[in-house]
Amino acid sequence: MEKIAYFDSSHEFPEEIISAAGFTPYKILGNVHVTNESSDKFLPAFFCPAAKSWLTEALKHSKDWSGIIFAQGCNTTNRHFDVWKLHVSSPFYYWLNCPMKDNIQAGKFFKREMFEMIKKIQSHFGVDISTEKLQQAIMQSNEIKTRLQHLSSLRSFKDIPNRDYLEIIKKSMQLPKKEVILILDEAIIEWNARAAFPAGTSRFFLTGSDVTYEEWMDTLDECHIRIIRDDLSIGERYFTNLIPEKKDPLDALVEYYFNVPRPATKPAIQQRIDNIFEVLDETQVEGVISQNLKFCEPFAYDSVIVNNSIREKGYRLIHLEREFTPVKDQQIVNRLNAFTEMLQEVSK
Ligand code: SF4
């Protein structure tokens with residue numbers, strides 16, 4: 001099945017429309033192992049390196065994609081769209097306006113935007129995106145989300161390295177959806193058969209910028225930290241809610257995307273904090289890791305208020321800023337080890 005790639009700085013993009021059109025929605029996630037030399041030519045040094053890596057991927061692989069769609073997200077998204085139109089070749093480019101607000105007017109606006117995108121995809125590719133097809137795609141998305149919810153819940157009491165969790169979510173966002181369901185079913189059997197949660201390992205909640213590469217998750221494992229809950233878009237934000245079943249699938253998509261836990265790219269900081277507290281009330285953790293990728297401004301700005309609120313509630317929290325690199329950062333390892341040691345001392 002051909003792919004339509006999408007640029008999405010959080011979880012804004014209604015990939016169900018792409019599935020209903022008969023394409024595989026492919027979330028561009030870049031590759032931390034490939035140098036950003038090719039995209040450095042077009043963007044200044046202070047641009048988010050994760051998004052630069054997406055441009056690097058597009059410059060090399062856009063010929064494998066039937067089209068590229070941008071979902072309005074952080075400021076990086078807007079600038080990238082302008083650059084990509086000039087330098088990345090693709091037979092189909094589209095910009096989807098995703099509203100910042102989540103009120104009634106914003107809902108009407110988003111529905112109209114999705115409707116316009118559907119019309120454009122239909123006319124460009126000569127496909128029919130019927131109500132029935134959209135409903136089927138929504139059901140398929142929900143099948144994936146339900147399985148991911150199950151897998152995610154196993155992190156608290158089974159031996160699931162942080163890398164395994166990230167890998168399975170990335171596959172869910174990039175592979176053909178039928179294949180994803182088979183992979184998730186196999187993983188459910190395999191993860192359920194795993195050993196119990198490893199002794200001497202601390203349970204943590206992870207918040208902040210999206211983590212796109214497994215090596216950073218390995219660092220946490222090395223420090224005997226397991227992420228058992230998170231609020232990342234390449235994480236729980238992708239599957240926390242199911243898409244409601246409604247007669248009008250576009251109404252269902254509006255309701256769904258407006259109820260996804262809000263990221264820092266939306267002006268909804270209190271909603272973000274409330275969601276974090278809900279998760280922390282549901283699941284006991286020993287600590288919270290807040291991190292932002294260098295030059296990720298939305299999450300860096302939010303982190304001060306969000307982290308103060310979490311600390312005021314009595315949670316132990318460490319904030320880290322990380323580089324975009326697969327190479328282990330020894331300073332981060334030292335800080336995490338010192339933090340977990342301090343937690344153990346306090347709990348004695
Ligand atoms: S890491 Fe931050 S700056 Fe980069 S795309 Fe994501 S939200 Fe935007």
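Biologist: How many cavities of 30 Å³ or more does a search of the whole structure find?

Modeller: Rolling a probe the size of a water molecule over the atoms shows where empty space is left. On a 1 Å grid over the protein atoms alone, a cavity is a set of points where a 1.4 Å probe fits but cannot get out, whereas a pocket is an open set with protein on both sides within 12 Å along at least five of seven lines, and lining residues have an atom within 4 Å of a point. Here the search of the whole structure finds 5 cavities of 30 Å³ or more. This is a predicted model, in which local features need pLDDT of at least 70 and side-chain atom pairs count only at pLDDT 80 or more, while totals for chains, interfaces and linings use all residues. Residues are numbered from 1 along each chain as its sequence is written, and side-chain values use heavy atoms, with hydrogens and water left out.

Biologist: How much space lies in the largest cavity, and which residues lie nearest its centre?

Modeller: A volume is the space filled by probe spheres set on the grid points, which are joined across faces, edges and corners. For the largest cavity that space is about 110 Å³, and of the 13 residues lining the cavity, His11, Glu12, Tyr257, Arg262 and Lys266 lie nearest its centre. For the classes, Ala, Val, Leu, Ile, Met, Phe, Trp, Tyr, Cys and Pro count as nonpolar, Asp, Glu, Lys and Arg as charged, and the others, Gly among them, as polar. The lining of the largest cavity then divides into 8 nonpolar, 2 polar and 3 charged residues.

Biologist: What is the volume of the largest pocket, and which element gives the most to its lining?

Modeller: To name elements, we take helices (H or I, at least four residues) and strands (E, at least two) as DSSP runs, numbered from the N terminus. The largest pocket has a volume of about 560 Å³, and it is lined by 31 residues, with Cys74, Thr76, Cys296, Glu297 and Pro298 nearest its centre. Helix H12 gives the most to this lining, with 4 residues, while strand E1 (3-8), helix H3 (49-61), H4 and H12 each supply at least two. By class, the lining of the largest pocket holds 18 nonpolar, 7 polar and 6 charged residues.

Biologist: Where does H12 bend, and which of its residues are buried?

Modeller: The bend at a residue is the angle between axes fitted to the seven residues ending there and the seven starting there, and in H12 that angle is about 40 degrees at serine 303. Buried means under 20% relative accessible area, exposed over 50%, and partly exposed in between (1.4 Å probe, protein chains only). In H12, the buried residues are Phe299, Asp302, Ser303, Val306, Asn307, Ser309 and Ile310. After H12 comes glycine 314, whose phi is positive, near 100 degrees.

Biologist: Is histidine 80 buried or exposed, and which residues does it touch?

Modeller: Histidine 80 is found in helix H4 (residues 75-87), and it counts as buried because its relative accessibility is 0%. Contact means heavy atoms within 4.5 Å. Not counting residues up to four places away in sequence, histidine 80 touches Phe7, Leu43, Phe47, Ala51, Lys52, Leu55 and Phe70.
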